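Student: Could you take me through one part of this model closely, beginning with a side-chain contact and then moving on to the backbone elements?

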Amino acid sequence: MEPSARPRRVTIVDVAQHAGVSTTAVSKVLRNAYGASPEMHTKVRRAIDELGYRPHAGARGLRGQTYTIGVMLPDIRNPFFPEVLDGITQSLEDTEYQVLLGPGCNGEKAEARVTEAMIDRGMDGLVLVAPVSPRTHLEHVASMVPTVVVGRHGSSPVYDTVVDDDVEGAALVVGHLAALGHRRIAHIEHLETDPTRLAEMPNARRADGYRQAMRTHGLEQWIDVVSTSYTQEGGYRGTRELLNRPQRPTAVFAGADVVAMGVLEALTEAGLSVPDDISVSGYDNTTFAAFGPVSLTSVDQAGNEIGRNAARLLLERIAHRNRRSVQVSLSPTLVPRRTTARLPESRRTPTKLDPDVQPFG
């Protein structure tokens, strides 16, 4: 049997003939350009629906726009990033723009490949979520295509940024645990060594916020940071290390909910109860944190709102390429749940400032 011929793609000429109008009229309707009457819009849109016409992205790119937005996520396994993606896609659902996703894989080389591929394919704008690339690379990308960077605290004259106040978020966690009577509060951070990333990345800001808050509450002598990675495995390894301390902590602040997953795994394996033996807090307030059997105390940095702001800024930059750069900073909130609890008086450690073990708060 002869293979069936490949169906021919519907063209703008077909739409024009079906609607009984000129190709120029169809083009005006597709571009929402001046000069197309409401009746013309109705005719053309009906023809498009009936024929199943879809604009050719490559051809549109030759005319200046492909109506595609590239979004790079560092780790698709982290449950926080889909919330940012949801915010982006929801903000674009009433536009002609289509979101295409690329994995950055938490590495500079992988990020460079993804961003270069998106640029090569003529995408109209990029949203880069928590990129680890040097600022020079980010600015190089932004010089070629409108770009919004999510999570990086450093500002740039060529790209916009959306961030959470990570220092304040960490302070909320420490303040909550201190008010419950905890002194030995440990933190699991993502290992960072690059000077620029130490100044700009959210994980580094959270670790700084933890240290500052511990000092504020008179707990400097119990500052305890384990450097692993923002992964479930990182949380597991960090907790194993903490449990081998001469004095184990009474509370663990995991730098991300995905890290807290590993913390809970390691504590369960060690036969310890949460929060009776050790309280645990995460960061991101993901669907995992809100899941009833887990009920993880976590910091809500409004991932959906971060995504919405990123999409808004990107559309504004696409429309006004040379406008002044903008940074949106969102204020986090703490969502207490069942993984944190008041420490019994009998287990409290006296502080230098508080020898009678008076509880905070």
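Tutor: In this predicted model, the charged end of Arg206 sits over the ring of Tyr283, at 3.8 Å from the ring centre. Contacts between two aromatic rings are a separate matter: the count comes to three aromatic pairs, where a pair requires ring centres that lie within 6.5 Å.

Turning to the helix α3, which covers residues 38-51, its 14 residues should span 20 Å at 1.5 Å a residue, and this agrees with its end C-alpha atoms, which are 20 Å apart. Within α3, the residues Val44, Ala47 and Ile48 are buried, and because these three cover an arc of only 100° around the axis, they lie on the same side of α3. The face of α3 that is turned away from this buried side carries Pro38, Glu39, Asp49 and Glu50, which are exposed. After α3 comes Gly52, and the phi of Gly52 is positive, near 70°.

Six of them form an open sheet with parallel pairing, in the order β2-β1-β3-β4-β5-β11. The edges are held by β2 (98-103) and β11 (327-330), each of which has a single partner strand, so that one side of each is left without a neighbour in the sheet. From one strand to the next, the twist averages 15°.

Notes: Residues are numbered from 1 along each chain as its sequence is written. This is a predicted model: local features need pLDDT of at least 70, side-chain atom pairs count only at pLDDT 80 or more; totals for chains, interfaces and linings use all residues. Side-chain values use heavy atoms; hydrogens and water are left out. Rings of Phe, Tyr and Trp (its six-membered ring) pair if their centres lie within 6.5 Å; planes under 30 degrees apart count as stacked, over 60 as edge-to-face and the rest as tilted. A charge sits over a ring if NZ of Lys or CZ of Arg is within 6 Å of the ring centre and within 35 degrees of the ring normal. Helices (H or I, at least four residues) and strands (E, at least two) are DSSP runs, numbered from the N terminus. The expected span of a helix is 1.5 Å times one less than its number of residues. Buried means under 20% relative accessible area, exposed over 50%, partly exposed in between (1.4 Å probe, protein chains only). The arc is that of the directions from the helix axis to the C-beta atoms. Two strands pair if DSSP finds at least two bridges between them. Axes are lines fitted to C-alpha atoms, for helices over the stretch in contact, and angles run from 0 to 180 degrees between N-to-C directions.
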